[in-house]
Amino acid sequence: METLYGELGRAVHQVQEVLRNASPESVSGDQARRFVELFAEAEMAGASGIALFTPVVVETGSFAKEGHASAQDWLGALSGSSAGAAKGRLAAAERAAVDPSLTEALHEGGLSSAQLAVVTKAAAEAPESTGNLLELLDQGASHQELSDAAARMKAAARSRESERARRDRVHATRHFRWRQDETGGIRGEFLCDEVAWASVAPQLEARAAARWKAAGAGAEPLEAYRLDAFLEALSGSVGSSGSLDRGDPCDPNGSSAPSKGTPVQAIVVIDAAALRRGTSEGDELCEIEGIGPVSVEAATELLSEASLRYVIREGFDIKTVTKATRDVAACIEAALIVRDRTCGRPGCGRRLGLQTDHREVDFGDDGPTELDNLVRLCPQCHALKTYGGWRLEGEPGAWKWIAPAHPKSAHYIARARRLAAAKGQAARAARQRNLPRRE
């Protein structure tokens, strides 16, 4: 063991030597990216090593020999983190120490502290989830994809009684807090039940996306317009129909918000087997679109709510869409939502603000609006595909993200995006000028 300790010490000193001699300003962007990738590997290996050895330090009480009153104080001082963050890392490490599969993954140096926390918390509620989650990581899943999968597995493992208790606990601790930030402005935080949030989230997202698109779809992030929509709703600028009051400068032609005739609904995607059984099992879905998994009981108690729309999945085919329409486009939309739960780019995992893209044959080239030619992408990945030349190939669940021969930088993509947005705004303004005047 002393030999291994010596080797590790030399490796750390080598990394420190590289940092002492580094000249970041003298390397290209591509070279800097490769350096960061190697440092990220080293960071992940370090996190795995910390998780492997800290349970022994805690068990033996060795941390007190360094003058620390608790293990979390000791680890926090070493890692430069708060005692609270260190306590979470210690808890995850102790849970991993009794799971052979997690111990093996740590020996491979392949788990960050954040990934370990997600996996061990899921294992506490759904012990059989560990293998599936580690397999996802081996396949290159993002942290968001890992978290989403863990949430589904925990939801499926809960009994009706434990799920009801969880919702009661959330309701009892519901809150909305705000304070003035030290850098200026107001910072807020809230907690509520997922089903309660589903009654307001779709309208908020629709209004934010409409404002973002009207402003050029890229000048500012979508989350900025989400706040605008939220404050507008609180201020009473939105009528009960969800449309803007007259005189809103962001809505010159009434297109920046859902119209009166098109109410926005939350979409609940649920597997037919889970609905019949009353609980979800394994990989079965019972999710509110854009929010995450909920219990079947929570989903079905709101069947009469007009603000919710249910899509029932039987295998991978849509059997029922609970909406009074025969519009083919609506059926395609429902099938796409069921198929593409998150952004189609492998490793992305975003589920908010997804956009429909004509994947293979572009709409401008008369690409068909049919399921095989469509994919849902987040705005950032959509821009990579549209302006950066990246492509999606393969099939749903096994997409491949193919690089162009000469990948573009983020600056190039941002410029192309701004130019396209400016052209779009000019075209909309021209159409507005050509509209007949209303007397």
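**Entry 1. Aromatic rings.** I began with W390 and W401, and both are buried. I was working from a predicted model. I counted aromatic pairs and found that the structure holds 2. In one of them, F190 and W197 lie 5.0 Å centre to centre, with 45° between the planes, and this pair is tilted. I then looked up how accessible these two residues are. F190 has 43% relative accessibility, so I noted F190 as partly exposed. W197 has 26% relative accessibility, so W197 also went down as partly exposed.

For W390 and W401, I found ring centres 5.5 Å apart. Why is the pair stacked? The planes of W390 and W401 are at 15°, so the pair counts as stacked, the cut-off being under 30 degrees. I also checked where the two residues sit. W390 is in the loop between α16 (379-388) and β10 (391-393), and W401 is in strand β11 (residues 400-402). They are 11 residues apart, and the pair links distant parts of the chain.

Entry 2. Next I searched for cavities. Rolling a probe the size of a water molecule over the atoms shows where empty space is left. I found 1 cavity of 30 Å³ or more in the structure. The volume of the largest cavity is about 90 Å³. I listed the residues lining the largest cavity, among them R158, R160, E163, T279, S295 and E297. The elements giving two or more residues to this lining are α8 (143-157), α9 (160-172) and α14 (296-300). How many residues of each class line the largest cavity? I noted 3 nonpolar, 5 polar and 4 charged.

Entry 3. I turned to the second largest pocket, which holds about 1900 Å³ of space. Its lining has 44 residues, and L8, V12, G46, G49 and I50 lie nearest the centre of the pocket. Two or more lining residues come from each of α1 (2-21), α2 (29-60), α3 (71-79) and α5 (100-107). Which element gives the largest share of the lining? I wrote down α2, with 17 residues. By class, I noted 24 nonpolar, 15 polar and 5 charged residues in the lining of the second largest pocket.

**Entry 4. Helix α3.** The buried residues I noted in α3 are A71, W74, L75 and G76. What do the buried residues of α3 pack against? They pack against α2 and α4 (83-97). Just after α3, I came to G80, which takes a positive phi of about 70°.

**Entry 5. Confidence.** I finished with pLDDT. The protein has a mean of 82, and 87% of its residues reach 70 or more. Where is confidence lowest, and where is it highest? I found the lowest in strand β7 (residues 317-321), at a mean of 51, and the highest in α2, at 94. Over residues 238-257, pLDDT stays under 50, and the model has 38 contacts beyond four places in sequence for them. Over residues 321-328, pLDDT also stays under 50, and there the model has 8 contacts beyond four places in sequence. I left both stretches without further notes. Where pLDDT is low, the predicted coordinates should not be read in detail.

Key. Residues are numbered from 1 along each chain as its sequence is written. This is a predicted model: local features need pLDDT of at least 70, side-chain atom pairs count only at pLDDT 80 or more; totals for chains, interfaces and linings use all residues. Side-chain values use heavy atoms; hydrogens and water are left out. On a 1 Å grid over the protein atoms alone, a cavity is a set of points where a 1.4 Å probe fits but cannot get out, and a pocket is an open set with protein on both sides within 12 Å along at least five of seven lines; lining residues have an atom within 4 Å of a point. Grid points are joined across faces, edges and corners, and a volume is the space filled by probe spheres set on the points. Helices (H or I, at least four residues) and strands (E, at least two) are DSSP runs, numbered from the N terminus. Ala, Val, Leu, Ile, Met, Phe, Trp, Tyr, Cys and Pro count as nonpolar, Asp, Glu, Lys and Arg as charged, and the others, Gly among them, as polar. Buried means under 20% relative accessible area, exposed over 50%, partly exposed in between (1.4 Å probe, protein chains only). Contact means heavy atoms within 4.5 Å. pLDDT is the predictor's confidence in each residue, from 0 to 100. Rings of Phe, Tyr and Trp (its six-membered ring) pair if their centres lie within 6.5 Å; planes under 30 degrees apart count as stacked, over 60 as edge-to-face and the rest as tilted.
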